[in-house]
Structures are given as C-alpha cells and as structure tokens.
Amino acid sequence: MKFSKKSRYGITALIDLSVYSKSGHVSLNSIAQRNNISVQYLEQVFGALRRAGIIQSVKGPQGGYLLGDVPERITVAEIVEALEGSYYLPDEISAGDPGDPGYHAAAIAIQHRIVEEVNRSLDQVLKNITLADLEKEYMNCCQADQMMYYI
C-alpha cells in the first residue's frame, strides 16, 4: 500500500472539515488556505469523496461542504478507498513459471504468510481509525502547541 499525497491531503482536508463544520458548511477555499493545499487539487479530491458519500456539497454563492455522516462513522479505510481504490497488496501467486513447482509453492507461501497477513492487519488498522479519532488527535496537538512557550 502506498499512502499517497492524495490520501494525505484528503484526510487532512476532512479533519479540517470535521473541526470547522460544527456550525455549518465550510468553503473549499477556507480549507485550502488553512492547510496550504491547492484549491484545484482539493476540487479533485473532494469530487471523489463526494461520489463516495463521505462529504456533501452545498451549492450556491455561499456554498461549501459538510460531512456525509458523523465523524465517528467515517473510517480511514473508506477515505483511502474513495481516493485510491483498493489499498490491499495485490495477489501475485500467478507470477513465475507455472511448470516450476518449487516457485509456485514459494509464491503460495509468500501470499499466505506475508501478503494476506499484511492485508488483514492493514484492514484492521484502517477500519478502526475514524475521522473522530483523527479530529481528537488534531485538537490535542493544537492544544499542546498553544501551551508551548518560546523564549
């Protein structure tokens, strides 16, 4: 799995949206500005998130975006899948010379002991972290930054 810039920016923007949409919709420009992300790039990211139902758009001159569900029910797995497609390591058992039984047995061992185990673990991690968890972590970091004194 590659955790691309698209996924990082998408999750960053969703954390921002989760924090700032408590009192209403949030403009794409304000999200882009606060997070130093190109508006054009966020438009592409938010298009994919909207198609997946993770966010909703509000049309009009005073439009913006809202979360499609409560942050506690939006998982990182859903976000990454909406932005990247499948996040699993691909199966590669068919690679190699099918006439070589040793190679085929090694490919099966790699598939079962490494690839499937990594995919299970990755799935468990990404499905158990919600946008609410990330928002909480973000707020904790913001509070810690405010408490730091510089001389």
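Helices (H or I, at least four residues) and strands (E, at least two) are DSSP runs, numbered from the N terminus.

**View 1. The whole chain, element by element.** This is a predicted model, where local features need pLDDT of at least 70, side-chain atom pairs count only at pLDDT 80 or more, and totals for chains, interfaces and linings use all residues. Residues are numbered from 1 along each chain as its sequence is written, and side-chain values use heavy atoms, with hydrogens and water left out. The protein chain has 6 helices and 2 strands, running α-α-α-β-β-α-α-α along the sequence. Of its 151 residues, 33% are buried (under 20% relative accessible area; exposed is over 50%, partly exposed in between; 1.4 Å probe, protein chains only).

**View 2. Helix H2 and its cover.** Leu28, Ser30, Ile31 and Ala32 are the buried residues to look for in helix H2 (residues 28-35). Their cover includes helix H1 (5-20), helix H3 (39-51) and strand E2 (64-67), going by contacts (heavy atoms within 4.5 Å). Just past H2, Asn36 has a positive phi of about 55°.

View 3. Ile110, Ile114 and Val118 make a nonpolar surface patch of about 240 Å². Such patches take residues with over 30% relative accessible area and no salt bridge, joining nonpolar side chains (Val, Leu, Ile, Met, Phe, Trp, Tyr) within 5 Å and like charges within 9 Å. A salt bridge is a side-chain nitrogen of Lys or Arg within 4 Å of a carboxyl oxygen of Asp or Glu. Areas are Shrake-Rupley values with a 1.4 Å probe; for residues, only the protein chains shown count as cover. Ile110 sits in helix H5 (residues 101-128) and counts as partly exposed because its relative accessibility is 45%.
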